[in-house]
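This briefing is intended for a reader who is new to the structure shown below. It begins with a pair of helices and then turns to the chain as a whole and to individual residues.

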Amino acid sequence: MIEYKIGDCRTLLKEVPDGSIQLVVTSPPYNIGKPYGKYKDKIALNDWEELISDVTREVYRVLTPDGSFFLNLSPVPVGKDKEILPLPYLGYKIFKDNGFYLRNIITWTFNNMQNCTNRLSGRYENILWGVKDLNHYVFNLNAIRIPYITKKDKRLEGGKARNPTDVWYFDRVNNMTKKKLNLSHPTVYPLPMILRILKMSSNPGDTILDPFVGSGTSLIAAKLLGRNGIGFELDGKYEKEFQMRLEHEGLPEEEKCFTKNC
């Protein structure tokens, strides 16, 4: 079952039963003025922190005891002088204030982005992986192993595949790709990255949730991997794009399994 619901996620989350969600993965607005539509992506920092904290509090409630929360945030330039604000650091504090333990900070790296002239060009975002219990959570390592680097790599299991580590490379979905797919949402997840997260921290038949679902990449991944999916989106104009994607998108060629335990 895949559900795409229109409305404020802070309200819709209250309708989700306690302990009913195995995995939450989301990328909220970064408060940098992106043209999302109904949502104004330029509010006071305190208001942004309150939004993320409100959502995180509800996420903790709806997750199963062995569930996981993956929160994608990025360092962003702010103010007239464009000082860098490390949103992942604020995300960590919000995690701790709401009962989550940090299991990993995943660094998502990419190349296709504009170049800077007065500082080093940004080429990464962070995904905070939070759990409710450090001794009890779903982690399917064999489902996400990747090809070995060298045949003498001692980290290999049976000489076939290795741990992908906490540094991931996935190309961003650029404007050319979005145009080809007829997508108007300003920020679209790379599907292979979300497939990895779902394989890693959920199992077939589990329910995943994305409170800032946008054009629906996390729900596409849920369908492809046999999970149930629930997504919330404030602006109804993206639902048509999601339905089109749900009908036409398949498993990316690059998303292969390298073990028998996928």
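The crossing of helices α5 and α6 is right-handed. In this predicted model, α5 spans residues 191-201 and α6 spans residues 217-224.

- On the side of α5, the contact is made by L191, I194, L195 and L198.
- On the side of α6, the contributing residues are T217, S218, I220, A221, A222 and L224.

**The chain as a whole**

- The secondary structure of the chain comprises seven helices and 12 strands.
- The chain has 262 residues, of which 47% count as buried.
- Among contacts in the chain with a separation of 6 or more, 69% are accounted for by residues 24 or more positions apart.
- The chain exposes about 13500 Å², and carbon and sulfur atoms supply 51% of this area.

- Most residues other than glycine have a negative phi.
- K82 has a positive phi, near 60°, and is a residue other than glycine.
- K82 is located in the loop between β4 (75-78) and β5 (83-86).
- The relative accessible area of K82 is 52%; because exposed means over 50%, K82 is classed as exposed.
- T165 likewise is not a glycine and has a positive phi, of about 65°.
- T165 belongs to the loop between β9 and β10, the latter strand covering residues 167-169.
- With a relative accessible area of 34%, T165 is partly exposed, because this class lies between the 20% limit for buried residues and the 50% limit for exposed ones.

**R162 in strand β9**

- R162 is found in strand β9, which consists of residues 161-162.
- Is R162 buried or exposed? Its relative accessible area is 12%, so R162 is buried, given that buried means under 20%.
- A polar atom of the R162 side chain lies 3.2 Å from the backbone oxygen of P147.

Conventions. Residues are numbered from 1 along each chain as its sequence is written. This is a predicted model: local features need pLDDT of at least 70, side-chain atom pairs count only at pLDDT 80 or more; totals for chains, interfaces and linings use all residues. Side-chain values use heavy atoms; hydrogens and water are left out. Helices (H or I, at least four residues) and strands (E, at least two) are DSSP runs, numbered from the N terminus. Buried means under 20% relative accessible area, exposed over 50%, partly exposed in between (1.4 Å probe, protein chains only). A polar contact is a pair of N or O atoms within 3.5 Å; within protein, one must be able to donate a hydrogen and the other to accept it, and residues adjacent in sequence count only if both atoms are side-chain atoms. Contact means heavy atoms within 4.5 Å. Accessible areas come from the Shrake-Rupley method with a 1.4 Å probe; for residues, only the protein chains shown count as cover. Axes are lines fitted to C-alpha atoms, for helices over the stretch in contact, and angles run from 0 to 180 degrees between N-to-C directions. A crossing is left-handed if the near helix is turned anticlockwise from the far one by less than a right angle, and right-handed if clockwise.
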